[in-house]
Amino acid sequence: MMNNLFSIFDPSTNILNLSLNWLSTLIGLMFIPYLFWMIPNRHFILWNFVLSTLHKEFKTLLTNNSNGSTFIFISLFSFILFNNFLGLFPYIFTSTSHLTLSLSISLPLWMSFMLFGWINNYQHMFAHMIPQGTPSILMPFMVLIESISNIIRPGTLAVRLTANMIAGHLLMTLLSGTGNSLPSYFVMFLILIQILLLILESAVAIIQSYVIAILSTLYSSEVN
């Protein structure tokens with residue numbers, strides 16, 4: 001009997017006080033060798049189609065129209081997608097359910113955008129704080145509101161990913177914990193619900209990685 005429901009997210013496997021659960025973030029590298037096969041297989045064709053679609057979509061959102069600028073967001077999408085999916089497997093640590101990982105991704109990315117924008121294009125950054133047509137009396141309030149909304153962006157990116165990963169896993173853990181106290185004829189119904197929740201979590205894993213990549217692209221386009 002677990003004392004705390006959130007203990008399922010604790011990195012408990014360790015050697016010499018070093019947490020080994022975080023090594024699960026590197027398991028996604030196992031998918032890369034498929035891309036180097038001489039004969040394209042179904043995995044290569046499907047993944048190449050996904051990357052090409054993301055490249056075209058990110059390219060339309062970016063204002064500088066640089067082909068290489070989309071690679072960082074495609075890599076971000078792939079990294080979060082692999083970690084979200086691997087967290088659905090039993091006995092694999094869900095690294096994206098911790099703010100330690102999600103905030104360490106969003107905060108440096110947002111900080112680099114801000115430094116690049118304020119150093120190279122500060123006039124555009126100042127103009128972006130006041131929407132066009134704002135009355136003069138409201139300009140100080142708009143600057144304050146826009147500044148606050150800009151500062152909390154890395155936090156919202158990190159919390160959005162972490163909260164969605166935690167919510168699904170907690171729901172599945174709560175339902176699975178009730179299996180011992182249910183009659184046998186309810187167990188099959190519970191298994192069906194768990195399968196549907198697993199399908200929903202798979203969709204959430206894709207959607208959240210896509211949302212993080214799209215929002216990061218939009219934040220990047222605002223500083224150019």
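Confidence in the protein is lowest in strand 1 (residues 14-15), with a mean pLDDT of 62, and highest in helix 2 (residues 71-86), at 89; pLDDT is the predictor's confidence in each residue, on a scale from 0 to 100. The structure is a predicted model, in which local features need pLDDT of at least 70 and side-chain atom pairs count only at pLDDT 80 or more, while totals for chains, interfaces and linings use all residues. Residues are numbered from 1 along each chain as its sequence is written, and side-chain values use heavy atoms, with hydrogens and water left out. For the protein, the mean pLDDT is 80, and 84% of residues reach 70 or more. Where pLDDT is low, the predicted coordinates should not be read in detail.

The protein contains seven helices and two strands, these being DSSP runs numbered from the N terminus (helices: H or I, at least four residues; strands: E, at least two). From the N terminus on, the order of elements is β-β-α-α-α-α-α-α-α. Among contacts (heavy atoms within 4.5 Å) between residues at least 6 apart in sequence, 73% join residues at least 24 apart.

Of the 224 residues in the protein, 33% are buried, that is, under 20% relative accessible area, as against exposed at over 50% and partly exposed in between (1.4 Å probe, protein chains only). The accessible surface amounts to about 14200 Å², with 73% belonging to carbon and sulfur atoms.

Arg-153 lies in helix 6 (residues 153-177). Arg-153 is buried, its relative accessible area being 14%. With neighbours within four places in sequence left aside, Arg-153 is in contact with Trp-110, Tyr-219 and Glu-222.

Conventions. Accessible areas come from the Shrake-Rupley method with a 1.4 Å probe; for residues, only the protein chains shown count as cover.
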